[in-house]
Amino acid sequence: MNIPAIVRLYLHGVLTQIKVPAQYRGDTWVAIVSILIWRGLRVGFIGIAFSFIADLGGWTVWEVVLMWANSLFAEFLVNSVAAFVSQADLYFYQGRMDYARIRPVPVMVFASVEQMRPEFLLSAIFFAIVGAVASINLGLFSSPLSIVLLGLAVASAALLWFGIMLFMSSGAAWLSRARVLKFGVWSFDEHAKYPLDILPFPLQVGLTVIPYAFTSYYPISLALRPETHIWPGILSLPVGLAVAAISLFMYGKASSHYDSLGSADPT
Amino acid sequence: MVRALRESVLPYVGTWLATFRSCWALRMEFLISIVVAFLIAVIMRSLWLAIHSASETVQTAFTDREMVSYVVMSQIINLARIGHTNRRIVYGAMSRIARGQVAMDLIRPQVFQLTRYAEWLAVFTFDALVVGLPLWLVFRLVGWIPNPASPVHGILFIVSLAAAWLVMSGIHYLIVVIAFRSTNVFGIQMARVALQEVLGGSLIPIALLPGALLAIASVLPFQALVFTPVWIYLGRFSGADLARALLVQWGWAALLAVAGMLIWAYVRPRVVVFGG
């Protein structure tokens, strides 16, 4: 496998995916403004909620914003640079895999380029900026330990989102209903980023098992308060690695299970 | 006269029935919507109870029971729910336009706008029966929401919900029609969801919005989607305020329907389809 050639083709494909919609200038500006409204209102909602209170269960506004930003930055980063993980169901369920397999790069690379959405990349940039502003306000860039822990939080969240999305979408190789579940997961996760302390105990357990809490609350509370919140924040990276490994195993099984009499219209 | 009326209405009844049946075939999506809406309601309840216990401003505006009732009811009738409506119906219509398959819709002896409204009515009915009603029963049984403030408020809640559906359909239709002129409506659609959640009252009671946002929310149609029906259900509107709220809702429904017709009249002659 010629890795440099694959990387070159991937970058070329991604740039093309960005350049093509950018030719429509009016639409590009509409997309940028829409994303600012879409994402800005999410962060704005936290601001409104905190206009009534000084802290939420002991967590300040910047701490809660950082929890949101960490998870959403990682989610959109994975969705933009490895878009295949959330769209694998299209390839298994609609038969597009036939079309992807004849390409001169691995299926995951080709499909990630094909499914890449500039909106998600813009969203990742937006939450990177929001996360950076929150980190500066919390003084996290002033200590090497905090920087390392923040890096671990981002890495854990990225691995977890990679794993959660690939696991869900690979399920479409067996169950068409897996696609439905994916949308359920997606619409719920936006609300699952608040400090776990304020939620009822069954929901705390649920969000730990699923494991959304490892994308935001646990790793960020470790970065913010390492002296009191070591566990289970310290497990975020191992959990992320385990979930990613399980999803890759699942994807391998789905690929070998895949059978088709022909592909769907790839357009 | 009656025959002509029946013949003009029947195609839309057929569209409603076909879409309702397709919803039944995809009932799994709605079942997942129940679970997701339930969990979001629990999370929002916990969040707002935490805010309520720490804020005198919120305590002045609501008792803790009223706060919970508002938050839970707003999730039950949340028309911004990312479910079947948004994905299959709106994106489906937009995708048909982007790929030229809309040509098939244009040659049918049906009004494009009314056909879309009939589809959305079917999804709304199905969502109300399969997601909203069971959730209402569950939350009513656990005591998180009360009965409507009075029988009259209960009836007016249904009237208000019907207006909310019309406003929602009007907004959906405008977004679909924009797809004739824009290559990228995904962002617009998502911005609409965010605007609807924050300014429509499904995440935060509009009465608690800060001054500037409250002023913006009061001149946009989103307040008619969740805030007004829930406020009526809880009996917070009465007398002239109640009449004004319903008038504003139905006014928005009519305005958006007319705007959709006018935009369609502008767009329709300019549509060029080379095939689907």
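**Exercises on helix packing and aromatic pairs**

Helix H1 (residues 3–22) and helix H6 (residues 107–114) of chain A pack with their axes 9 Å apart, at an angle of about 15°. The model is predicted: local features need pLDDT of at least 70, side-chain atom pairs count only at pLDDT 80 or more, and totals for chains, interfaces and linings use all residues. Residues are numbered from 1 along each chain as its sequence is written, chains are lettered from A and ligands numbered from 1 in the order in which they are written, and side-chain values use heavy atoms, with hydrogens and water left out.

**Exercise 1.** Determine how H1(A) and H6(A) are oriented to each other, and which residues make the contact.

*Solution.*
- Step 1. Axes are lines fitted to C-alpha atoms, for helices over the stretch in contact, and angles run from 0 to 180 degrees between N-to-C directions.
- Step 2. Angles under 35 degrees count as roughly parallel, over 145 as roughly antiparallel, 65 to 115 as roughly perpendicular and the rest as oblique. H1(A) and H6(A) are therefore roughly parallel.
- Step 3. On the H1(A) side, the contact (heavy atoms within 4.5 Å) is made by A:Ile6, A:Tyr10, A:Gly13, A:Val14 and A:Gln17; H6(A) contributes A:Val109, A:Ser112, A:Val113 and A:Glu114.

**Exercise 2.** Classify the aromatic pair of B:Tyr70 and B:Trp231 and locate its members.

*Solution.*
- Step 1. Rings of Phe, Tyr and Trp (its six-membered ring) pair if their centres lie within 6.5 Å; planes under 30 degrees apart count as stacked, over 60 as edge-to-face and the rest as tilted. By this rule there are 37 aromatic pairs over all chains.
- Step 2. B:Tyr70 and B:Trp231 lie 5.8 Å centre to centre with 80° between the planes, an edge-to-face pair.
- Step 3. B:Tyr70 belongs to helix H4 (residues 64–76) and B:Trp231 to helix H11 (residues 227–233) of chain B, 161 residues apart.
- Step 4. Both B:Tyr70 and B:Trp231 are buried, where buried means under 20% relative accessible area, exposed over 50% and partly exposed in between (1.4 Å probe, protein chains only).

**Exercise 3.** Classify the pair of B:Phe227 and B:Phe237.

*Solution.*
- Step 1. The ring centres of B:Phe227 and B:Phe237 are 6.3 Å apart and the planes stand at 85°, so the pair is edge-to-face.
- Step 2. B:Phe227 and B:Phe237 are both buried.

**Exercise 4.** State how many residues of helix H11 (residues 217–224) of chain A are buried, and which helices they pack against.

*Solution.*
- Step 1. Eight of the eight residues of H11(A) are buried.
- Step 2. These buried residues pack against helices H3 (61–81), H8 (144–170), H10 (201–209) and H12 (236–257) of chain A. Helices (H or I, at least four residues) and strands (E, at least two) are DSSP runs, numbered from the N terminus.
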